[in-house]
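This briefing covers helix packing and pockets. Please look at the sequence and the model before reading on.

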Amino acid sequence: MEPTKQTLLIGGLLVDVYSHPTSSPSSTDPIHALFFLHGRFGSAQETYVVDTVKVIFGESYGSGVGRERKKDLIVVAFDHRNHGTRLVDPKRNLAWSEDPAKNNDQHAVDMYTIQTGTAEDVSFLIDHLSSYLYPSGERTIVEWGIGGVSLGGHSTWIALSREPRLTLGIPIIGCPDYTTLISQRAQSSHIPFSPPYFPTSFKAYIEARDPAKLAYRAKDASNPFLGKKVLVLSGKEDKLVPWMASAEFVEGLEVGEGGVKRVVVEEGAGHECTSGMQKEAGLFVRGWLVE
């Protein structure tokens, strides 16, 4: 059975909430909520978003899972800032280009502000979603997770590092190290890694707040990823978000004894969300629900 969808308006933000048809409003089973974020130029209505959501529900509610599953699942999708229903200026989603009509000098700042803004939107929705979805306290969301593709994968890393209520993350073809990723892109576009393309204040912000600048190797409370469940899905042949931009961080990432780290770099895959990645995500969420 395919998931059902309802759309809520929360603080001016359109939010799609997917649930399984067998999930009853009168059930007392606790709920795990998973945010799923789309990529650059897209929206929450993209086919790959909807298809991934279907696969996740298929794996989580498929044959033989019922007796094992201890929680119900909802998946939450919404548009990034300056995307979909929130689009203000399409040019500000572009990268650097020799073609003036396609060039965006503010690419580095625009990309990161969308990512961090989306992370803030996620925290905002964690605060308020239950009030709209279960206004009479019908059900209880007990745990939160996040996943996303490309731009949504970048945002997933940021949100996972900043929001302690997120306990699971599935970044798909995303990167946790913005400096490495964007400096390589700037070099290939013959853009200097200096103002005005990279303002001093912007560099200072990244140095202080980017996931790769945090204590991600530590085995104490200074590490925001400690105890979290992380599934990293990347394409070995990805040219837009190369695996090597993420490799050092992911290999060094410490999640502790209570956490889980699984890394799949798919052979032959480029910058795409493959069926194999979708299945991996579904199985990872399934494991989250049977704990």
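In the residue classes used here, Ala, Val, Leu, Ile, Met, Phe, Trp, Tyr, Cys and Pro count as nonpolar, Asp, Glu, Lys and Arg as charged, and the others, Gly among them, as polar. The model is predicted, so local features need pLDDT of at least 70 and side-chain atom pairs count only at pLDDT 80 or more, while totals for chains, interfaces and linings use all residues. Residues are numbered from 1 along each chain as its sequence is written, and side-chain values use heavy atoms, with hydrogens and water left out.

**Pockets**

- A pocket is an open set of points on a 1 Å grid over the protein atoms alone, where a 1.4 Å probe fits, with protein on both sides within 12 Å along at least five of seven lines; lining residues have an atom within 4 Å of a point.
- The largest pocket has a volume of about 220 Å³, a volume being the space filled by probe spheres set on the points, which are joined across faces, edges and corners.
- Its lining consists of Gln6, Val17, Ser19, Ser23, Ser24, Pro25, Ile31, Ile74, Leu133, Tyr134, Glu138 and Arg139.
- By class, the lining of the largest pocket has 6 nonpolar, 4 polar and 2 charged residues.
- The second largest pocket holds about 160 Å³ of space.
- Of the 15 residues that line the second largest pocket, Gly39, Arg40, Phe41, Ser150 and His271 lie nearest its centre.
- The lining of the second largest pocket comprises 7 nonpolar, 5 polar and 3 charged residues.

**Helix α2 against α5**

- Helices are DSSP runs (H or I, at least four residues), numbered from the N terminus.
- The axes of α2 (residues 107–133) and α5 (residues 200–209) come within 12 Å and cross at roughly 40 degrees; axes are lines fitted to C-alpha atoms over the stretch in contact, and angles run from 0 to 180 degrees between N-to-C directions.
- α2 and α5 are therefore oblique to each other (under 35 degrees counts as roughly parallel, over 145 as roughly antiparallel, 65 to 115 as roughly perpendicular and the rest as oblique).
- Ala108, Val109, Tyr112 and Thr116 of α2 meet Phe202, Tyr205, Ile206 and Arg209 of α5, where contact means heavy atoms within 4.5 Å.
- This contact of α2 with α5 has 6 nonpolar, 1 polar and 1 charged residues.

**Helix α2 against α4**

- The axes of α2 and α4 (residues 178–188) come within 11 Å and cross at roughly 150 degrees.
- That angle makes α2 roughly antiparallel to α4.
- His107, Ala108, Met111, Tyr112 and Gln115 of α2 make the contact with Tyr178, Ile182 and Arg185 of α4.
- The contact of α2 with α4 has 5 nonpolar, 2 polar and 1 charged residues.

Terms used
Helices (H or I, at least four residues) and strands (E, at least two) are DSSP runs, numbered from the N terminus.
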